[in-house]
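Biologist: I am new to this structure. Please walk me through it, one feature at a time.

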Amino acid sequence: MSQMSLFDMGAPEPLAARLRPQSLDEYVGQEHLVGEGKVLRRLIESDQITSMIFWGPPGVGKTTLAQIIAGHTKAKFIPFSAVMSGIKEIKEVMHEADQMRSYGQKTIVFVDEIHRFNKAQQDAFLPFVEKGTIVLIGATTENPSFEVNSALLSRCKVFVLKGLTGDDIERLLRQALENPRGLGDQKIIIDDTLIRMIAMFANGDARMAISTLEMAVLNGDMGSDGTITVTKQTVEQITGKKALLYDKNGEEHYNLISALHKSMRNSDPDAAVYWLARMLEAGEDPLYIARRVARFASEDVGLADPHA
């Protein structure tokens, strides 16, 4: 059992954690899944959850959906971290779930970052999912077709979560400013154009948007009456440089190099330069890009026109 240190006592939760929706009515975005009458909403409201995987970019509500399910279900809900758990922990939970099943109690196991589990760890779930001992809910930012075992994947329904729209993000930011769980107990002055600026900077990532707003408020100008004014200069400093979504060995890596190839094939220099700069800015090895461009010149240009 972990001990609480003196530094943990009274430490405030991050704004994004305090504002995490508690119900589907508070949940923003993913209308194609949780809108009125949609399949996932009906499954949650009727407590008829089956094994499923939530696939989508960071900050779109995968973990939040799982926690909403935890609040709705009569089943025992067990959260798992693929980073912190091994086969031993999995087997212990599966044994407990087996016992609960004999008493008629259903168990839902939520695995965050399921793509981080190796094949052996994923295989440990398979017999229990197959015989219905547990209902497995996984969350991943990677394509489950590549990262989840085919046997396990065939027993799960994949729900694709989309990046939030600018309007969705703005709505979340306004809720953060008004909600007593958020910043509602503070007097904050922030222009609508700055809220829009933060929403655009977040690029569909709710967690990033709320964290950026929190930082802007913490760095706002405090008036004599306690009012906090967020200035354009403050927001510009915070949003000056954005960490681009990229992974050197994952799906996004191949998406971008594919985009570069297609741009060159289409004779679109502007797009080619954009994707080239995007990869370099995100930290790609310049030698890798040089090799791919040389290969493109040899295969796509040279084979098409040997005299080029």
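**Reading the model**

Modeller: Start with P144. P144 touches I53, W55, L153 and V158, leaving aside residues up to four places away in sequence. Keep in mind that this is a predicted model.

Biologist: Where is P144 placed?

Modeller: P144 is in helix α7, residues 144–147.

Biologist: Is P144 buried or exposed?

Modeller: Buried means under 20% relative accessible area. P144 has 2%, so P144 counts as buried. There is also a link across the sequence. P144 and H115 are 29 residues apart in sequence, yet their C-alpha atoms are 7.3 Å apart in space.

Biologist: Let us step back. How many helices and strands are there in the protein?

Modeller: The protein has 15 helices and 8 strands.

Biologist: And what share of the residues counts as buried?

Modeller: Of the 308 residues, 42% count as buried. Take the contacts between residues at least 6 apart in sequence: 73% of them join residues at least 24 apart.

Biologist: Now two helices. At what angle do the axes of α5 and α6 cross?

Modeller: They cross at roughly 10 degrees. Helix α5 covers residues 87–102 and helix α6 covers residues 119–130, and their axes come within 10 Å. Angles under 35 degrees count as roughly parallel. Therefore α5 is roughly parallel to α6.

Biologist: Which residues meet there?

Modeller: From α5 come I87, I90, M94 and D98. From α6 come A120, Q121, A124, F125 and F128. By class, the contact of α5 with α6 has 7 nonpolar, 1 polar and 1 charged residues.

Biologist: How many aromatic pairs does the count give here?

Modeller: The centres must lie within 6.5 Å. By this rule there are 4 aromatic pairs. One of them joins F54 and F159.

Biologist: What are the values for F54 and F159?

Modeller: Their ring centres are 6.3 Å apart and their planes are at 50 degrees, so the pair is tilted.

Biologist: Where do F54 and F159 lie?

Modeller: F54 lies in strand β1, residues 52–55, and F159 in strand β5, residues 157–160. The pair therefore ties together parts that are 105 residues apart in sequence.

Biologist: Are F54 and F159 buried or exposed?

Modeller: F54 is at 0% relative accessibility, so F54 counts as buried. F159 has a relative accessible area of 7% and is buried.

Biologist: Next, a glycine. Where is G29 placed?

Modeller: G29 is in the loop between α1, residues 15–18, and α2, residues 31–34. G29 is buried, with a relative accessible area of 4%.

Biologist: What does G29 touch?

Modeller: G29 touches V34, L164 and D168, leaving aside residues up to four places away in sequence. Look at D168. G29 and D168 are 139 residues apart in sequence, and 6.2 Å apart in space, C-alpha to C-alpha.

Biologist: Now the backbone. What is phi of Q30?

Modeller: Phi of Q30 is near 55 degrees, a positive value in a residue other than glycine. Q30 is in the loop between α1 and α2. At 4% relative accessibility, Q30 counts as buried.

Biologist: And what is phi of E113?

Modeller: Phi of E113 is near 55 degrees, and E113 is a residue other than glycine with a positive value. E113 is in the loop between β3 and α6. With a relative accessible area of 26%, E113 is partly exposed.

Biologist: One last residue. Where is E170 found?

Modeller: E170 is in helix α9, residues 166–178. At 13% relative accessibility, E170 counts as buried. E170 touches I195, R196 and A199, again leaving aside residues up to four places away in sequence.

Technical notes
Residues numbered from 1 in each chain as written. Predicted model: local features only at pLDDT ≥ 70, side-chain atom pairs only at ≥ 80, totals over all residues. Heavy atoms only, no water. Axes fitted to C-alpha atoms, helices over the stretch in contact; angles between N-to-C directions. Helix = DSSP H or I, 4+ residues; strand = E, 2+ residues; numbered from the N terminus. Parallel < 35°, antiparallel > 145°, perpendicular 65-115°, else oblique. Contact = heavy atoms within 4.5 Å. Nonpolar A, V, L, I, M, F, W, Y, C, P; charged D, E, K, R; others polar. Phe/Tyr/Trp six-rings, centres within 6.5 Å; stacked < 30°, edge-to-face > 60°. Buried < 20%, exposed > 50% of the residue type's maximum accessible area, 1.4 Å probe, protein only.
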